[in-house]
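Thanks for coming, everyone. Let me put the sequence and the structure up, and then we'll walk through the fold.

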Amino acid sequence: MLANYHAHTWRCRHAFGTEREYIEEAIKGGMKCFGFSDHIPQVWPDGYDSGMRMTLDQLSDYVETITDLKKEYANDIKIFLGFEAEYYPDYFDKIMEELKKYPEVDYIILGQHFLYNEINAPASGTPTKSVDILEQYVDQTMEALETGKFSCFAHPDIINFTGNDEDYYYQMKRICLKAKAMDVPLEINFLGFLDGRIYPNPKFWKIAGEVGNEVIFGADCHSKDMVINKKSEELASLMVSKYNLKHIDYLKLKKVN
(Lines give C-alpha, C1' and ligand atoms only; values in the text may rest on other atoms or scores of the structure.)
Protein backbone atom coordinates (compact mmCIF):
# COMPACT_ATOMS: atom_id res chain seq x y z
CA MET A 1 0.00 0.00 0.00
CA LEU A 2 1.20 3.45 -0.90
CA ALA A 3 -1.42 5.25 1.18
CA ASN A 4 -3.86 4.63 4.00
CA TYR A 5 -6.59 7.08 4.95
CA HIS A 6 -8.31 5.06 7.67
CA ALA A 7 -6.67 5.12 11.12
CA HIS A 8 -7.92 5.74 14.64
CA THR A 9 -6.31 7.12 17.77
CA TRP A 10 -6.60 6.40 21.48
CA ARG A 11 -9.25 9.12 21.77
CA CYS A 12 -11.95 6.83 20.39
CA ARG A 13 -11.51 4.58 23.45
CA HIS A 14 -11.00 1.39 21.44
CA ALA A 15 -7.65 2.09 19.74
CA PHE A 16 -4.18 1.89 21.25
CA GLY A 17 -0.72 3.42 20.86
CA THR A 18 0.45 6.84 19.78
CA GLU A 19 0.06 8.65 16.49
CA ARG A 20 3.84 8.75 16.19
CA GLU A 21 4.02 4.95 16.37
CA TYR A 22 1.53 4.67 13.52
CA ILE A 23 3.54 7.07 11.38
CA GLU A 24 6.82 5.29 12.03
CA GLU A 25 5.24 1.98 11.01
CA ALA A 26 3.85 3.55 7.84
CA ILE A 27 7.28 4.90 6.90
CA LYS A 28 8.89 1.51 7.53
CA GLY A 29 6.27 -0.09 5.31
CA GLY A 30 7.01 2.26 2.42
CA MET A 31 3.84 4.32 2.52
CA LYS A 32 3.86 7.73 0.89
CA CYS A 33 0.68 9.05 2.55
CA PHE A 34 -0.97 8.36 5.89
CA GLY A 35 -4.30 9.78 6.99
CA PHE A 36 -5.73 9.86 10.49
CA SER A 37 -9.52 9.52 10.47
CA ASP A 38 -10.58 9.05 14.06
CA HIS A 39 -14.28 8.78 14.89
CA ILE A 40 -15.77 12.22 14.66
CA PRO A 41 -17.20 13.77 17.85
CA GLN A 42 -20.87 14.67 17.85
CA VAL A 43 -22.96 17.46 19.32
CA TRP A 44 -25.13 15.10 21.38
CA PRO A 45 -28.07 15.92 23.64
CA ASP A 46 -27.07 16.32 27.28
CA GLY A 47 -26.38 13.02 29.00
CA TYR A 48 -25.66 10.87 25.93
CA ASP A 49 -22.22 9.37 25.27
CA SER A 50 -21.73 6.95 22.41
CA GLY A 51 -18.65 5.42 24.09
CA MET A 52 -16.88 4.95 20.76
CA ARG A 53 -15.60 8.38 19.79
CA MET A 54 -13.70 11.38 21.07
CA THR A 55 -15.60 14.07 22.90
CA LEU A 56 -15.92 17.61 21.61
CA ASP A 57 -13.44 18.89 24.17
CA GLN A 58 -10.78 16.55 22.69
CA LEU A 59 -11.22 17.90 19.16
CA SER A 60 -8.69 20.72 19.39
CA ASP A 61 -6.03 18.41 20.85
CA TYR A 62 -6.57 15.93 18.00
CA VAL A 63 -6.21 18.65 15.38
CA GLU A 64 -3.14 20.14 17.05
CA THR A 65 -1.40 16.76 17.49
CA ILE A 66 -1.81 15.69 13.86
CA THR A 67 -0.95 19.15 12.54
CA ASP A 68 2.30 19.16 14.53
CA LEU A 69 3.21 15.70 13.25
CA LYS A 70 2.52 16.81 9.67
CA LYS A 71 5.22 19.44 10.05
CA GLU A 72 7.65 17.18 11.87
CA TYR A 73 7.48 14.38 9.27
CA ALA A 74 7.09 16.59 6.19
CA ASN A 75 10.28 15.22 4.61
CA ASP A 76 9.37 11.57 5.28
CA ILE A 77 5.69 11.07 4.57
CA LYS A 78 2.59 13.08 3.71
CA ILE A 79 0.19 13.13 6.66
CA PHE A 80 -3.48 14.07 6.42
CA LEU A 81 -5.95 15.06 9.12
CA GLY A 82 -9.43 13.62 8.82
CA PHE A 83 -12.39 11.94 10.48
CA GLU A 84 -14.56 8.90 10.00
CA ALA A 85 -18.13 10.16 10.27
CA GLU A 86 -21.61 8.73 10.25
CA TYR A 87 -24.37 10.64 8.53
CA TYR A 88 -26.89 11.45 11.25
CA PRO A 89 -29.56 13.83 9.85
CA ASP A 90 -30.20 15.52 13.21
CA TYR A 91 -26.52 16.17 13.94
CA PHE A 92 -24.57 16.30 10.68
CA ASP A 93 -24.94 20.04 10.05
CA LYS A 94 -24.06 20.75 13.69
CA ILE A 95 -20.75 18.89 13.58
CA MET A 96 -19.91 20.35 10.17
CA GLU A 97 -20.42 23.79 11.68
CA GLU A 98 -18.06 22.83 14.51
CA LEU A 99 -15.40 21.74 12.01
CA LYS A 100 -15.43 25.21 10.43
CA LYS A 101 -13.32 26.27 13.42
CA TYR A 102 -10.57 23.95 12.16
CA PRO A 103 -9.43 24.76 8.60
CA GLU A 104 -6.61 22.23 9.13
CA VAL A 105 -9.05 19.34 8.52
CA ASP A 106 -8.31 17.70 5.16
CA TYR A 107 -11.13 15.19 4.68
CA ILE A 108 -13.85 12.99 6.11
CA ILE A 109 -14.78 9.44 5.20
CA LEU A 110 -18.22 7.90 5.59
CA GLY A 111 -18.56 4.97 8.00
CA GLN A 112 -22.22 4.36 8.88
CA HIS A 113 -21.99 2.35 12.11
CA PHE A 114 -25.56 3.10 13.23
CA LEU A 115 -28.83 3.97 11.52
CA TYR A 116 -31.04 7.01 12.01
CA ASN A 117 -29.30 9.20 14.63
CA GLU A 118 -27.59 6.44 16.64
CA ILE A 119 -29.43 6.94 19.93
CA ASN A 120 -31.65 3.88 20.51
CA ALA A 121 -31.05 2.83 16.91
CA PRO A 122 -29.74 -0.46 15.48
CA ALA A 123 -26.07 -0.92 14.74
CA SER A 124 -25.43 -1.50 11.04
CA GLY A 125 -23.59 -4.75 11.78
CA THR A 126 -26.49 -6.34 13.66
CA PRO A 127 -27.82 -9.33 11.67
CA THR A 128 -31.25 -8.58 10.20
CA LYS A 129 -33.66 -9.95 7.62
CA SER A 130 -35.58 -6.68 7.55
CA VAL A 131 -35.73 -5.12 4.10
CA ASP A 132 -36.84 -1.88 5.79
CA ILE A 133 -33.58 -1.70 7.75
CA LEU A 134 -31.55 -2.52 4.65
CA GLU A 135 -33.36 0.20 2.73
CA GLN A 136 -32.88 2.69 5.57
CA TYR A 137 -29.12 2.03 5.51
CA VAL A 138 -29.02 2.58 1.76
CA ASP A 139 -31.22 5.70 1.80
CA GLN A 140 -29.22 7.25 4.64
CA THR A 141 -25.82 6.61 3.09
CA MET A 142 -26.98 7.82 -0.31
CA GLU A 143 -28.11 11.05 1.35
CA ALA A 144 -24.67 11.27 2.94
CA LEU A 145 -22.93 10.89 -0.40
CA GLU A 146 -25.13 13.63 -1.87
CA THR A 147 -23.69 16.15 0.62
CA GLY A 148 -20.45 16.10 -1.39
CA LYS A 149 -18.42 16.11 1.84
CA PHE A 150 -17.10 12.53 1.87
CA SER A 151 -13.84 11.50 0.19
CA CYS A 152 -14.58 7.77 0.39
CA PHE A 153 -17.12 5.32 1.78
CA ALA A 154 -15.51 3.09 4.43
CA HIS A 155 -16.76 -0.49 4.71
CA PRO A 156 -19.90 0.20 2.66
CA ASP A 157 -20.78 -3.48 3.10
CA ILE A 158 -21.05 -3.24 6.91
CA ILE A 159 -24.82 -3.77 6.79
CA ASN A 160 -25.44 -7.33 7.94
CA PHE A 161 -28.49 -8.28 5.88
CA THR A 162 -29.34 -11.98 6.12
CA GLY A 163 -32.46 -11.93 3.99
CA ASN A 164 -33.15 -12.42 0.31
CA ASP A 165 -30.21 -12.07 -2.11
CA GLU A 166 -32.39 -10.24 -4.65
CA ASP A 167 -33.26 -7.55 -2.10
CA TYR A 168 -29.60 -7.20 -1.15
CA TYR A 169 -28.54 -6.90 -4.80
CA TYR A 170 -31.15 -4.27 -5.62
CA GLN A 171 -30.43 -2.08 -2.61
CA MET A 172 -26.64 -2.30 -2.65
CA LYS A 173 -26.55 -1.56 -6.36
CA ARG A 174 -28.26 1.72 -5.50
CA ILE A 175 -25.29 2.58 -3.24
CA CYS A 176 -22.76 1.61 -5.89
CA LEU A 177 -24.48 3.69 -8.56
CA LYS A 178 -24.72 6.72 -6.27
CA ALA A 179 -21.07 6.44 -5.20
CA LYS A 180 -19.98 6.25 -8.83
CA ALA A 181 -22.14 9.24 -9.77
CA MET A 182 -20.70 11.27 -6.86
CA ASP A 183 -17.12 10.15 -7.61
CA VAL A 184 -16.70 8.58 -4.15
CA PRO A 185 -14.45 5.48 -3.99
CA LEU A 186 -15.53 2.48 -1.92
CA GLU A 187 -13.19 1.08 0.72
CA ILE A 188 -12.20 -2.57 1.07
CA ASN A 189 -11.70 -2.68 4.82
CA PHE A 190 -8.83 -4.72 6.30
CA LEU A 191 -10.26 -4.85 9.82
CA GLY A 192 -13.05 -7.02 8.51
CA PHE A 193 -10.52 -9.57 7.28
CA LEU A 194 -8.65 -9.52 10.59
CA ASP A 195 -11.71 -9.98 12.79
CA GLY A 196 -13.73 -12.26 10.52
CA ARG A 197 -16.57 -9.76 10.19
CA ILE A 198 -19.40 -9.77 7.64
CA TYR A 199 -17.32 -7.42 5.53
CA PRO A 200 -15.62 -7.41 3.10
CA ASN A 201 -18.68 -9.14 1.66
CA PRO A 202 -18.04 -10.82 -1.72
CA LYS A 203 -21.68 -10.28 -2.74
CA PHE A 204 -21.20 -6.54 -2.42
CA TRP A 205 -17.91 -6.39 -4.27
CA LYS A 206 -19.32 -8.39 -7.15
CA ILE A 207 -21.93 -5.63 -7.56
CA ALA A 208 -19.26 -2.92 -7.33
CA GLY A 209 -17.32 -4.66 -10.09
CA GLU A 210 -20.40 -4.74 -12.32
CA VAL A 211 -21.11 -1.04 -11.70
CA GLY A 212 -17.45 -0.05 -12.19
CA ASN A 213 -16.80 1.67 -8.86
CA GLU A 214 -13.35 2.85 -7.85
CA VAL A 215 -12.10 1.07 -4.74
CA ILE A 216 -9.37 1.86 -2.25
CA PHE A 217 -7.80 -0.24 0.52
CA GLY A 218 -8.26 0.88 4.13
CA ALA A 219 -6.23 -0.53 7.00
CA ASP A 220 -8.68 0.78 9.63
CA CYS A 221 -5.80 0.86 12.14
CA HIS A 222 -6.60 0.61 15.83
CA SER A 223 -3.01 -0.19 16.84
CA LYS A 224 0.44 0.20 15.28
CA ASP A 225 0.64 -3.46 14.26
CA MET A 226 -2.38 -2.93 12.00
CA VAL A 227 -0.70 -0.22 9.91
CA ILE A 228 1.04 -2.75 7.67
CA ASN A 229 -1.11 -5.81 7.08
CA LYS A 230 0.24 -7.91 4.22
CA LYS A 231 -2.24 -10.78 4.61
CA SER A 232 -5.26 -8.50 4.39
CA GLU A 233 -3.68 -6.66 1.48
CA GLU A 234 -3.26 -9.97 -0.35
CA LEU A 235 -6.90 -10.91 0.30
CA ALA A 236 -8.09 -7.49 -0.89
CA SER A 237 -5.94 -7.78 -4.03
CA LEU A 238 -7.49 -11.16 -4.80
CA MET A 239 -10.93 -9.57 -4.46
CA VAL A 240 -9.91 -6.81 -6.87
CA SER A 241 -8.82 -9.41 -9.42
CA LYS A 242 -11.83 -11.68 -8.97
CA TYR A 243 -14.45 -8.96 -9.39
CA ASN A 244 -12.54 -6.77 -11.85
CA LEU A 245 -12.52 -3.81 -9.45
CA LYS A 246 -10.92 -0.46 -10.28
CA HIS A 247 -8.33 -0.17 -7.51
CA ILE A 248 -6.80 3.24 -6.81
CA ASP A 249 -3.88 4.05 -4.51
CA TYR A 250 -4.71 7.63 -3.54
CA LEU A 251 -7.88 9.54 -2.68
CA LYS A 252 -8.90 12.85 -4.19
CA LEU A 253 -9.64 14.63 -0.95
CA LYS A 254 -12.83 16.67 -0.89
CA LYS A 255 -12.78 19.85 1.14
CA VAL A 256 -14.76 19.73 4.33
CA ASN A 257 -15.11 23.49 4.79
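Start with a term: two strands pair if DSSP finds at least two bridges between them. Keep in mind that this is a predicted model.

Now, strand β3, residues 78-85. On one side, β3 pairs with strand β2, residues 33-39. The sense is parallel, over 7 bridges. β3 also pairs with strand β4, residues 107-110. That pairing is parallel too, over 4 bridges.

Which residue of β4 does glutamate 84 stand opposite? Isoleucine 109. Glutamate 84 is also the bridge partner of histidine 39.

β2, α2 and β3 form a β-α-β unit, and the unit is right-handed. From β3, the chain runs through helix α3, residues 92-99, and on to β4. This β-α-β crossover is right-handed as well.

Last, the helix packing. Helix α1 covers residues 19-28, and helix α2 covers residues 59-72. Their axes lie 11 Å apart, at an angle of about 35°. The crossing of α1 past α2 is right-handed. What makes the contact? From α1, Glu19, Arg20 and Ile23. From α2, Thr65, Ile66, Leu69 and Glu72. By class, the contact has 3 nonpolar residues, 1 polar and 3 charged.

To recap: β3 pairs with β2 and with β4, and α2 sits in the β-α-β unit with β2 and β3 while packing against α1. Over to you for comments.

Key
Residues are numbered from 1 along each chain as its sequence is written. This is a predicted model: local features need pLDDT of at least 70, side-chain atom pairs count only at pLDDT 80 or more; totals for chains, interfaces and linings use all residues. Side-chain values use heavy atoms; hydrogens and water are left out. Axes are lines fitted to C-alpha atoms, for helices over the stretch in contact, and angles run from 0 to 180 degrees between N-to-C directions. Helices (H or I, at least four residues) and strands (E, at least two) are DSSP runs, numbered from the N terminus. A crossing is left-handed if the near helix is turned anticlockwise from the far one by less than a right angle, and right-handed if clockwise. Contact means heavy atoms within 4.5 Å. Ala, Val, Leu, Ile, Met, Phe, Trp, Tyr, Cys and Pro count as nonpolar, Asp, Glu, Lys and Arg as charged, and the others, Gly among them, as polar. A crossover is right-handed if, with the strands pointing away from the viewer, the path from the first strand over the helix to the second runs clockwise.
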